[in-house]
Amino acid sequence: MLPSCCADRASRPKGGGPPRSDESEEASGQMETTSRVGAQAPAAEGGQQVPSARRTVDGYLLAPFPWYGLDEAFTGPRWLMQVGTSADGAVEHGSIGHGEEPSVRGETTEDKERFAVVVTVAASPVRRSADGTGLLEATSVSSAAWLAGVGLLSFTWPGQMDHTLRDDWLEQQTETAWVLADDLAGDDWSTLSLPVDGVPTLFHYRESEFGWVLAGSTQEGVHVGAYGRGMSAYGLGFAVIKDIAAYAQ
């Protein structure tokens with residue numbers, strides 16, 4: 001059974017990966033009705049990521065669900081990334097960064113960055129779009145796992161590769177992330193208990209050469225995914241962000 005964020009494998013964007021850097025930031029975060037879209041936009045040519053400082057809190061304020069981040073035990077920097085919307089414009093998911101804002105890791109880049117990104121995904125059933133012309137996909141823990149997996153890939157793009165080979169690499173790795181998210185009970189995943197709003201919560205967890213990814217659900221009606229590198233997942237805790245507006249700088 002396919003991840004519920006992905007209605008039809010054949011209908012996803014060609015290449016299966018996140019939109020390219022020439023698309024709008026809003027579009028790059030969309031979870032479309034018939035396709036899979038990444039949590040973060042990939043880097044532009046030359047390996048430059050759009051600075052988080054340029055993003056605003058406006059989209060986050062439109063969400064009808066609570067946003068999650070690392071709990072108060074984390075005292076480092078926190079930064080907005082971007083939100084994703086459904087085909088009818090409703091906010092469905094978004095990401096909050098913690099630690100050092102990562103750059104794209106190329107083949108020759110030494111890993112020194114320590115970061116964790118928390119992805120919040122609204123728990124939604126299959127429902128009709130606002131204009132009545134189609135169906136909006138259901139979301140699940142697999143949705144959070146896939147968005148987190150692709151989010152990690154967005155900072156692991158081999159910048160030294162030929163453009164064509166780089167596209168092939170991203171397509172292959174994105175497909176792998178999708179397959180893994182579809183099989184959370186498989187051998188590639190282990191389980192990890194972490195506090196969510198102070199309550200021990202079971203997460204699906206996996207590690208790779210690129211970093212780690214985890215995904216689970218909360219008692220607040222949202223799914224939480226996370227990914228990171230250089231920062232251990234084992235000591236993390238998650239909590240509702242009480243005032244997302246405070247992130248606006």
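Helix 3 spans residues 141-153, and its 13 residues extend 19 Å from the first C-alpha to the last, close to the 18 Å expected at 1.5 Å a residue (the expected span being 1.5 Å times one less than the number of residues). Helices (H or I, at least four residues) and strands (E, at least two) are DSSP runs, numbered from the N terminus. The model is predicted; local features require pLDDT of at least 70 and side-chain atom pairs pLDDT 80 or more, whereas totals for chains, interfaces and linings use all residues. Residues are numbered from 1 along each chain as its sequence is written, and side-chain values use heavy atoms, with hydrogens and water left out.

The largest nonpolar core comprises 60 residues, and Tyr-60, Trp-67, Leu-214, Tyr-227, Phe-238 and Ile-244 have the most contacts inside it. Helix 3 supplies the largest share of this core, 9 residues. Such a core is a set of buried Ala, Val, Leu, Ile, Met, Phe, Trp, Tyr and Cys residues joined through side-chain atoms within 4.5 Å.

Aromatic pairs number 6, under the rule that rings of Phe, Tyr and Trp (its six-membered ring) pair if their centres lie within 6.5 Å, with planes under 30 degrees apart counted as stacked, over 60 as edge-to-face and the rest as tilted. Phe-115 and Phe-155 form an edge-to-face pair, at 5.9 Å centre to centre and 70 degrees between the planes. This pair links distant parts of the chain, 40 residues apart: Phe-115 belongs to strand 4 (residues 115-122), and Phe-155 to the loop between helix 3 and helix 4 (163-181). Phe-115 is buried at a relative accessible area of 0%, and Phe-155 is likewise buried, at 2%. The rings of Phe-203 and Phe-238 lie with centres 5.4 Å apart and planes at 40 degrees, so this pair is tilted. Phe-203 lies in strand 8 (residues 199-208) and Phe-238 in strand 11 (residues 238-240), 35 residues apart. Tyr-60, Phe-65 and Trp-67 form one aromatic cluster.

In strand 10 (residues 222-229), 8 of the 8 residues are buried, so the strand is largely enclosed by the rest of the structure. Val-222, Val-224, Ala-226 and Gly-228 point one way from strand 10, while His-223, Gly-225, Tyr-227 and Arg-229 point the other way. Strand 10 pairs with strand 4 in the antiparallel sense over 8 bridges, pairing requiring at least two bridges found by DSSP. Strand 10 also runs antiparallel to strand 9 (residues 211-217), joined by 6 bridges. Gly-225 stands opposite Val-119 and is also the bridge partner of Ala-215. Strands 9 and 10 form a hairpin with 4 residues between them, and Gly-221 in the turn has a positive phi of about 80 degrees.

Arg-114 is located in the loop between strand 3 (91-99) and strand 4. At 43% relative accessibility, Arg-114 is partly exposed. The side chain of Arg-114 reaches the backbone oxygen of Gly-230 at 3.2 Å.

Conventions: Buried < 20%, exposed > 50% of the residue type's maximum accessible area, 1.4 Å probe, protein only. Polar contact = N/O pair within 3.5 Å; in protein donor to acceptor, adjacent residues only side chain to side chain.
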